[in-house]
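Subject: Structure handover

Hello,

Here is the structure for you to take over. My notes on it follow below.

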Amino acid sequence: MQITDDLNKLLDILPETIRAALQQHPQISSLIEVVMDLGRLPEARFPGGAEYLSDKPVCLENLNYTIKHLGEFGGDNRAGIEQTLHRISAIRNRKNEVIGLTCRVGRAVFGTINMIRDLVETGKSILMLGRPGVGKTTALREIARILADDLQKRVVIIDTSNEIAGDGDIPHPAIGRARRMQVARPELQHQVMIEAVENHMPEVIVIDEIGTELEALAARTIAERGVQLVGTAHGNQIENLIKNPTLADLIGGIQAVTLGDDEARRRGSQKTVLERKAPPTFEIAVEMQERQRWVVHEQVAETVDILLRNRLPSPQIRTVSSSGKVTVTRELPPAPALSANTPRLAEAPQGWRASGQMMPLKNGLQTRRETPQSQYFEQLLDAEMEANAESAPVPVSDGRVERYFGPNGEELPIHIYPYAVSRHQLEQVIQVMNLPVVLTKDMDSADAVLALRSHVKNHSKLRHISKARQLPIYTIKSSSIPQITRALRRLLEMDDPQMPEEAELGLFTGSGSEDEIEALEEARLAVEQIVIPKGQPVELLPRSAKVRKMQHELVEHYRLKSSSFGEEPNRRLRIYPA
């Protein structure tokens, strides 16, 4: 990078004692600004901190000496030194007298936008964001020069404070062939913006510090005429503009929208949501976090839509090394905390979670298991094998597949004889949870019996046969997914009553459609984030009878009660705390 600062011209306007102290300072090349407040010691600010330049307080003579060597102060209390980029800002008292000066060093840094040069050449409008002092104006100046000199475009700079092209009628060479329009008063900036488009036929308009609603509207008018815009606004991130009603129009504007029942059900959201009002004025946004680290949003419209749904975008991270090498990486949002066996319809989160109405807890409800059920069982089995040498895998001599023995000496997979229990639902639970269980129709080869409680009471023959063959009978109240799941977990010693059970949504779906998954995800999050921790009832969105049945079964899995109410097609579930 090449840096031009005309520092001597700034030192010439300072009082002798302050100038001498600065000329002898070892860090003068990195000076940021000089502060002179009446009755206080003069101060120089560097990247590493501030230092006093004299042991004598600043007096009116010191201030007047500097003011005499400046141009006139504008309506924004800023002045400059002719044909330099230095900026001097005044602090006034109630009598409009100057009682303090901030003399900021202006530097033209050539090569500062190598990180985003490819974006500048696309012809799309670019908005630069960042805190004061991070280098927005410096980058703006360099963009104007490259567009005018290298890309041979007609560039007009709206220079309200003479900060981009310097003070005086002749602009600083740092802007190249770009033209500069000065603004008489800051409140007239929006008028000069429109005037530039109407009178001077520019291909690019460069604006510094868009800060009012009129300026934001003028920027939209210019963009709609097909002129490329390059501008800056104070705000560290796009989220700051979304929350700022004055500048929200730069990224499309925000409005509240009331959705119909079908659309709210499809999105899995409330009926009133926030949406982007119009296409953004600036198609690309650059967040200047540090001088060597910029965050690039290549599609502002897409980023705003994602943020309004309480999801995280995945912007580019561009950094530059001391040798000038630019590195581009992608910042990926954290993966949603879904169960390992939950069906995934797409890479991005869907439905109720995507709407932002509920977000998954960081570690689940309280102590959610991080491993799938099959891994949990294998860990349990491995621990038992280590404790008992006789429980190690035993190869069978007749050439069959090796068999393994569980904690109680039973072979794995365990053979279960179902009695009056839905075989289809049993197979679904075994498949989704990946359990080491095989269903058998022969009691002689069974390790256990799973039966309906009501049938066992009325079937003495089953009890006698099980007792004779020493088969344990596990009973369930009804042939439902939650009851079957708990029974199998209990049989495999995976059921821990002190630990909340993880809901496997795949157990409760019929076809696995998007509508079913969204409805089950809505019910799961309602239970885990509101009903159980807060003890409050929750009403869900209207669903079809088939989907409501799945939601009822999911609620029963958590040992909670639910009921359906309302008239079709608005009939929906209400979940009650225990």
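Ala148 sits in helix 5 (residues 136-150); helices are DSSP runs of H or I with at least four residues, strands are runs of E with at least two, and both are numbered from the N terminus. This is a predicted model, in which local features need pLDDT of at least 70, side-chain atom pairs count only at pLDDT 80 or more, and totals for chains, interfaces and linings use all residues. Residues are numbered from 1 along each chain as its sequence is written, and side-chain values use heavy atoms, without hydrogens and water.

Ala148 counts as buried because its relative accessibility is 1% (buried is under 20% relative accessible area, with a 1.4 Å probe and protein chains only). Leaving out residues up to four places away in sequence, Ala148 touches Lys153, Val155, Arg177 and Ala178 (contact means heavy atoms within 4.5 Å).

**Nonpolar cores**

The largest nonpolar core has 32 residues, and Ile158, Ile205 and Leu250 have the most contacts inside it. Such a core is a set of buried Ala, Val, Leu, Ile, Met, Phe, Trp, Tyr and Cys residues joined through side-chain atoms within 4.5 Å. Among the elements that each supply at least two residues of this core are strand 10 (155-159) and helix 6 (189-200).

An open sheet of six strands runs in the order 4-3-2-7-6-5 with antiparallel pairing (two strands pair if DSSP finds at least two bridges between them). Strand 4 (49-52) and strand 5 (78-80) each have a single partner strand, so one side of each has no neighbour in the sheet. Strand 2 (residues 33-37) and strand 7 (residues 98-104) pair over five bridges, and Met36 has Leu101 in strand 7 as its bridge partner.

Regards

Notes: Buried < 20%, exposed > 50% of the residue type's maximum accessible area, 1.4 Å probe, protein only.
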